[in-house]
2 protein chains.
Amino acid sequence: MAQLYAMVNCFQYPRMSIRRTLSSPLDSRHRIQLNPGEQTMETSVSNLYAMNGGEGPTSYAQNSSYQRGVVDVAKPIIEEEISMKLDVKQLLLTNTKSFRIADFGCSTGHNSFPAMQIITEAVEKKFQTEGLNSQIPDFQVFFNDQVMNDFNTLFLSLPPQRSYHAAGVPGPFHGRLFPNASLDFAYCSCALNWLSEVPKAVADHNSPAWNNGKVHYTEARQEVFEAYSNHYVNDIGAFLNARAQELVQGGLMALLVPAVPAFKNSGTSYTTPTEMDLIGSCLVDMAKKGRFGEEKVDSFNFPLYFTIPDELKTIIGRSDSFNIERMEILNNPGKRTLRSVNARATYLRAVFEGLLINHFGSEIMDELFELYTKKLAASPHFLDPDNEKSIIIFVLLKRKVE
Amino acid sequence: MAQLYAMVNCFQYPRMSIRRTLSSPLDSRHRIQLNPGEQTMETSVSNLYAMNGGEGPTSYAQNSSYQRGVVDVAKPIIEEEISMKLDVKQLLLTNTKSFRIADFGCSTGHNSFPAMQIITEAVEKKFQTEGLNSQIPDFQVFFNDQVMNDFNTLFLSLPPQRSYHAAGVPGPFHGRLFPNASLDFAYCSCALNWLSEVPKAVADHNSPAWNNGKVHYTEARQEVFEAYSNHYVNDIGAFLNARAQELVQGGLMALLVPAVPAFKNSGTSYTTPTEMDLIGSCLVDMAKKGRFGEEKVDSFNFPLYFTIPDELKTIIGRSDSFNIERMEILNNPGKRTLRSVNARATYLRAVFEGLLINHFGSEIMDELFELYTKKLAASPHFLDPDNEKSIIIFVLLKRKVE
């Protein structure tokens, strides 16, 4: 039953720099002005948060060792796949002199830089083993994340000795971000667990999927779970559709997708408790103390979903544009658990604070995370490493040649 | 004699976000860590400033109407040149489906966005008039500026209805920033007056070009002027060389270069007083009052140079890679002078504050600009609009087909 406590460790997307970029908390007027253009106004509002920016103690940069672990586990697989599957002769046919890579959901880059190094080195090696040393291309890496991501910190953190030209691309990756057929390799790690927005029905008290008194689908009713699941199917479909247009024929895409081994149904609930539920219970407690109305909790939900391998395979199978070249489970890459309760609370704060401030305001954050730390310390369920069952699904896709 | 007072109005590059990005002023250790990679460590340090970021009252975004005026004056010329000189059939030969534009020195984008709209619309129109409606490409615009530029504000300011995919590219434009042959159109407005760094000799008290008691080559000795002039020649050469590699064959480049009609030699000086000299005299006054040592002023110089048409033509003529398609003077586009003395002081502060903080520290800024405002108010030379003689040189270059 108790198995998912650490699945929230894999959050790399989206990121938060809102408090550094803007002088005051977002009000509804400002949100509308910030429409990044690729989305409708309504959708864009849900994208106005991101991981904590900067390099400080509660920054995402200082609190994402788990995500770095995922890169380490994936390294040999990515190298092997590029060595076997990258069709350099097909690429040379396209007559371009550069090799373009995009990382979708890069945050401030600390886990993206090693991944980009792995990919560029593997591509270079592939050209060498094919006897094409003189045709090794210039590399250009596009770092994508939400428009609210802290790109200033990303650019200042770029490795001085990198072997590629760097660019930042702001905007939600569920839509188009690049010209047609302009990318050779797409990468996305620990980001596809974030939905484009919270499913509308779960915050609508007239809907059978209204998620009152909760902040996620875990331990909720079937209708809530299905609202999330349907949204995920649509989001991944939109992501694949956009990338299908952006990738060249024969281009590769490596996805590292946070997931769970199975959807467990314990009684009426669809999954087992997570740290998000723990935050939810803290919010309910604070509402009962009068810090804010209970409807404030009812209308807040985390835009996160964790798929299972079969579901993801089905969604990808619906795309006419990609072949699945490899798909496997990277088991428990997140065994690097955070050492102390305080460190884990800070980690969660780096990930969720922007989202929570947008809904509840910044003034309750200290109280919320103090309460959270106390509840975490008192929870044997969350502190038992055996309850860590989260998985990462590795998928390598190849853009079909038409 | 008195003719250049307003030439400093054309500063779009580099830009400043340092105080927003970092929690404390840059110390020498931090500067080294921020090496952006494309430059040697020493050079990169000189790039750690930029226009004032954000959207506040002293931001560059709120204080750059002059530069916007330059775009307005250049609009019909750019449209005409694209209509006449863009070889769309040559571009289609390269087999790419997108049209890539880069703006070198974009700041937070407020003057770049209208320029990018002018270019994309003109290119689209050119495809239409050639009967190639079905082959109008996807546009991708790269916004380049120093690594310290406030890209977060740039991305948040992107026009919602833009017709291109946007990317930010950090780094100094005197070096390579893009893969080989990956750009179709380059643009650079009000930025090539900024040198890559202050010429070393002018801050070296053992050199005949030591510029003691001054902060710029204006009203200085011949050796100082020549140190600046030589540096400019090298910088523009490096810029052209980098762009020659990055542009596709037949690609166009539009430059809007801040300049002066002629180098005037009044007695021992090589030019006439500018607002930079006025800042210099304020710094000398403050040194005399003991706010800092006089050697602090001797070691500070503005990395700025204003060429004349003949000099620029000679430099470009040395490049084997470009043909000059058009070159002309946009006379006095900056007649939009700032209305009040205070507004002009704020404008200069938006441009120079980052540079000055790096050398003198932030604590003297209020005093400096108060003193500056007083001196400006008392200077008939600077307040007489007839002394405005600055020019913008428009150059359209075409990358040779080899």
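Modeller: A residue counts as buried when its relative accessible area is under 20%. The structure here is a predicted model.

Colleague: Why is Arg326(A) called buried?

Modeller: The relative accessible area of Arg326(A) is 18%. The cut-off is under 20%, so Arg326(A) is buried.

Colleague: Where is Arg326(A) placed, and which residues is Arg326(A) in contact with, leaving aside its neighbours within four places in sequence?

Modeller: Arg326(A) belongs to strand β6 (residues 322–331) of chain A. With those neighbours left aside, the contacts of Arg326(A) are Ile77(A), Glu80(A), Glu81(A), Phe394(A), Val395(A) and Leu396(A).

Colleague: What makes the approach of the Arg326(A) side chain to the side chain of Glu80(A) a polar contact?

Modeller: The distance is 3.2 Å, and the cut-off for a pair of N or O atoms is within 3.5 Å. The side chain of Arg326(A) also makes a polar contact with that of Glu328(A), at 2.7 Å.

Colleague: Turning to the rings, how many aromatic pairs does a search of the whole structure find over all chains?

Modeller: The search finds 45. One pair is Phe302(B) with Phe352(B), with ring centres 4.5 Å apart and planes at 50 degrees.

Colleague: Why is the pair of Phe302(B) and Phe352(B) called tilted?

Modeller: Planes under 30 degrees apart count as stacked and over 60 as edge-to-face, with the rest tilted. The planes of Phe302(B) and Phe352(B) are at 50 degrees, so the pair is tilted.

Colleague: What parts does this pair tie together?

Modeller: Phe302(B) lies in the loop between α10 (294–298) and α11 (309–317) of chain B, and Phe352(B) in helix α12 (residues 341–360) of chain B, so the pair ties together parts 50 residues apart in sequence. Both Phe302(B) and Phe352(B) are buried.

Note on methods:
Residues are numbered from 1 along each chain as its sequence is written. Chains are lettered from A and ligands numbered from 1 in the order in which they are written. This is a predicted model: local features need pLDDT of at least 70, side-chain atom pairs count only at pLDDT 80 or more; totals for chains, interfaces and linings use all residues. Side-chain values use heavy atoms; hydrogens and water are left out. Rings of Phe, Tyr and Trp (its six-membered ring) pair if their centres lie within 6.5 Å; planes under 30 degrees apart count as stacked, over 60 as edge-to-face and the rest as tilted. Helices (H or I, at least four residues) and strands (E, at least two) are DSSP runs, numbered from the N terminus. Buried means under 20% relative accessible area, exposed over 50%, partly exposed in between (1.4 Å probe, protein chains only). A polar contact is a pair of N or O atoms within 3.5 Å; within protein, one must be able to donate a hydrogen and the other to accept it, and residues adjacent in sequence count only if both atoms are side-chain atoms. Contact means heavy atoms within 4.5 Å.
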